[in-house]
Amino acid sequence: MTDITFSTVVADLKIAAENSSHPFRYFTLATSDFNNIPRLRTVVLRDIDDSLNMMIYTDERSKKIANIQANNRVSLLFYDQKRLLQITVKARAEIITDETIIQQIWSRIPEKSKRDYTTELSPGIEIKKPEEVDYLEGKHFFSAIRISPVRIEYLRLKRPNHIRIVFKKENNDWKGTYIVP
């Protein structure tokens, strides 16, 4: 039974990477700042490979980049309100530094979305009004982050019994165990 559940989790994540209306498309990424205080933000699942490595995009000047450089352990939270399904993931994050890979990804980004990575000021800089954001021509700060899960927890709220399963990666295989909800 845990194998079937794991397969549905994987299928959901793969669909979410392709379908912007899937509830797992937008998820919460947690990192730790320099004082070990958790930092949460919503990010977009852009890709997932057969090893379950997930890809997100960001501005290379964002705080999440500095946080990951200092501590690459991250947590993810996916939630489907209709199914009352929560997926939490513990993972390691890696900032993609290979310029060839960055350029390949950049070339596939729609033109209207590229603008998000070309602001003159870094993300989080205080401004007086939204119209003050200036964009650069011919320069971008695009970066990608690969997230490699090491533990996935499935929680489905349903009656008469909630279902909670933890999946741990062991030697490139995932082993599932039921746990108390």
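By class, four nonpolar, four polar and four charged residues make up the lining of the second largest pocket. Here Ala, Val, Leu, Ile, Met, Phe, Trp, Tyr, Cys and Pro count as nonpolar, Asp, Glu, Lys and Arg as charged, and the others, Gly among them, as polar. The model is a predicted one, in which local features need pLDDT of at least 70 and side-chain atom pairs count only at pLDDT 80 or more, while totals for chains, interfaces and linings use all residues. Residues are numbered from 1 along each chain as its sequence is written, and side-chain values use heavy atoms, with hydrogens and water left out.

A pocket, on a 1 Å grid over the protein atoms alone, is an open set of points where a 1.4 Å probe fits, with protein on both sides within 12 Å along at least five of seven lines; lining residues have an atom within 4 Å of a point. A volume is the space filled by probe spheres set on the points, and grid points are joined across faces, edges and corners. The second largest pocket comes to about 160 Å³. Its lining includes Ala30, Asn71, Lys90 and Val150. Strand 1 (26-32), strand 5 (73-80), strand 6 (85-95) and strand 7 (142-156) are the elements that give two or more residues to this lining. Strands (E, at least two residues) and helices (H or I, at least four) are DSSP runs, numbered from the N terminus.

The largest pocket has a volume of about 500 Å³. It is lined by 19 residues, with Val44, Arg46, Tyr57, Thr58 and Tyr117 nearest its centre. Strand 2 (38-44), strand 4 (54-59) and helix 3 (99-108) each give two or more residues to that lining, and the largest share, four residues, comes from strand 4. Sorted by class, the lining of the largest pocket holds nine nonpolar, three polar and seven charged residues.

So what about strand 4 itself? Six of its six residues are buried (under 20% relative accessible area), so strand 4 is largely enclosed by the rest of the structure. In a regular strand the side chains alternate between the two faces of the sheet. Both faces of strand 4 are covered, with Met54, Ile56 and Thr58 buried on one side and Met55, Tyr57 and Asp59 buried on the other. Strand 4 also pairs with others (strands pair if DSSP finds at least two bridges between them). Two bridges join it antiparallel to strand 3 (residues 47-48), where Asp47 has Met55 as its bridge partner. Six bridges link strand 4 to strand 7, again antiparallel, and Ile56 has Ile145 as its partner there.

Strand 3 and strand 4 make a hairpin with five residues between them. Leu52, in that turn, has a positive phi of about 70°. Most residues other than glycine have a negative phi, and most peptide bonds are trans. Leu52 counts as buried, at 4% relative accessibility. Asn171, in the loop between strand 8 (163-170) and strand 9 (173-178), also has a positive phi, near 55°. Asn171 is exposed (over 50%), with a relative accessible area of 76%. A cis peptide bond, with omega about 15°, joins Arg159 and Pro160, and Pro160 is found in the loop between strand 7 and strand 8.

As for the chain as a whole, it has four helices and nine strands. Of its 181 residues, 40% count as buried.

Methods:
Buried < 20%, exposed > 50% of the residue type's maximum accessible area, 1.4 Å probe, protein only.
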